[in-house]
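Hi everyone, thanks for coming.

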Amino acid sequence: MHTLYARHNVRVYRFVLRMVRDTTMAEDLVSQVFLDVWRTAAQFEGRSQVSTWLLSIARFKALTALRQRKHEDIDQDDVLEIADGADTPETSLDRATTSEILRACVAKLSPAHREIINLVYYHEKSVEEAGQIIGIPQSTVKTRMFYARKQLADLLRGAG
């Protein structure tokens, strides 16, 4: 269990954090996910990768948590204060600006489109795996990806 946690906790945390947008809640949900995995490990049937199974559990936990609380926006001032120590100030500023624009544009997508972009591009899940995690057919994943990329491209063009 320790090895499983060590291998997957960061991925699960980032996935949940992108959904709930609250670090404290994300940490709590990651703990709940791994507690549930420990309790129900015998139910894992091996029909998918372990990471797919974990992210599926995490997704349901995050959606449940989101239903139980009010939506809160991320304070953009806090986001701007995050700096990469390895980069020069100019590179850091360019990267922060680009990241901020991209994050803002992704945040403007519908929850379904944002979830697809998150799984496919940030978590590098295949169309099949994303469909399994969300519980939708592969054709729906492809359609959502198409419209999410199209909408994201329009938003990015508008942002400069």
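Let's begin with the charged pairs: there are three salt bridges in this structure. Please keep in mind that what you see is a predicted model. As a bit of background, side chains of opposite charge can pair when their charged atoms come close.

Take lysine 61 and aspartate 36 to start with. Their closest N and O atoms are 2.5 Å apart, and the two form a salt bridge. Where do lysine 61 and aspartate 36 sit in the chain? Lysine 61 belongs to helix H3, residues 50-67, while aspartate 36 belongs to helix H2, residues 23-39.

The side chain of arginine 59 meets that of glutamate 115 in a salt bridge, 2.4 Å from N to O. Are arginine 59 and glutamate 115 buried or exposed? Both are buried.

The remaining pair I want to show you is aspartate 154 with arginine 157, a salt bridge whose closest N and O atoms are 2.7 Å apart. Here both partners are in helix H8, residues 138-159. Because they are three residues apart in that helix, about one helical turn separates them. Aspartate 154 is partly exposed, with a relative accessible area of 44%, whereas arginine 157 is exposed, at 61%.

While we are on helix H8, look at leucine 156, which lies there as well. Leucine 156 is partly exposed, with a relative accessible area of 32%. Together with Leu102, Tyr121 and Tyr122, Leu156 makes a nonpolar surface patch of about 330 Å².

Let me finish with a pocket. The second largest pocket has a volume of about 180 Å³. Which residues line the second largest pocket? They are Gln43, Phe44, Glu45, Gly46, Arg47, Ser48, Trp53 and Gln132. Sorted by class, that lining has two nonpolar, four polar and two charged residues.

That's my tour, and I'm happy to go back to any part of it.

How values were computed:
Residues are numbered from 1 along each chain as its sequence is written. This is a predicted model: local features need pLDDT of at least 70, side-chain atom pairs count only at pLDDT 80 or more; totals for chains, interfaces and linings use all residues. Side-chain values use heavy atoms; hydrogens and water are left out. A salt bridge is a side-chain nitrogen of Lys or Arg within 4 Å of a carboxyl oxygen of Asp or Glu. Helices (H or I, at least four residues) and strands (E, at least two) are DSSP runs, numbered from the N terminus. Buried means under 20% relative accessible area, exposed over 50%, partly exposed in between (1.4 Å probe, protein chains only). On a 1 Å grid over the protein atoms alone, a cavity is a set of points where a 1.4 Å probe fits but cannot get out, and a pocket is an open set with protein on both sides within 12 Å along at least five of seven lines; lining residues have an atom within 4 Å of a point. Grid points are joined across faces, edges and corners, and a volume is the space filled by probe spheres set on the points. Ala, Val, Leu, Ile, Met, Phe, Trp, Tyr, Cys and Pro count as nonpolar, Asp, Glu, Lys and Arg as charged, and the others, Gly among them, as polar. Patches are made of residues with over 30% relative accessible area and no salt bridge: like charges are joined within 9 Å, nonpolar side chains (Val, Leu, Ile, Met, Phe, Trp, Tyr) within 5 Å. Accessible areas come from the Shrake-Rupley method with a 1.4 Å probe; for residues, only the protein chains shown count as cover.
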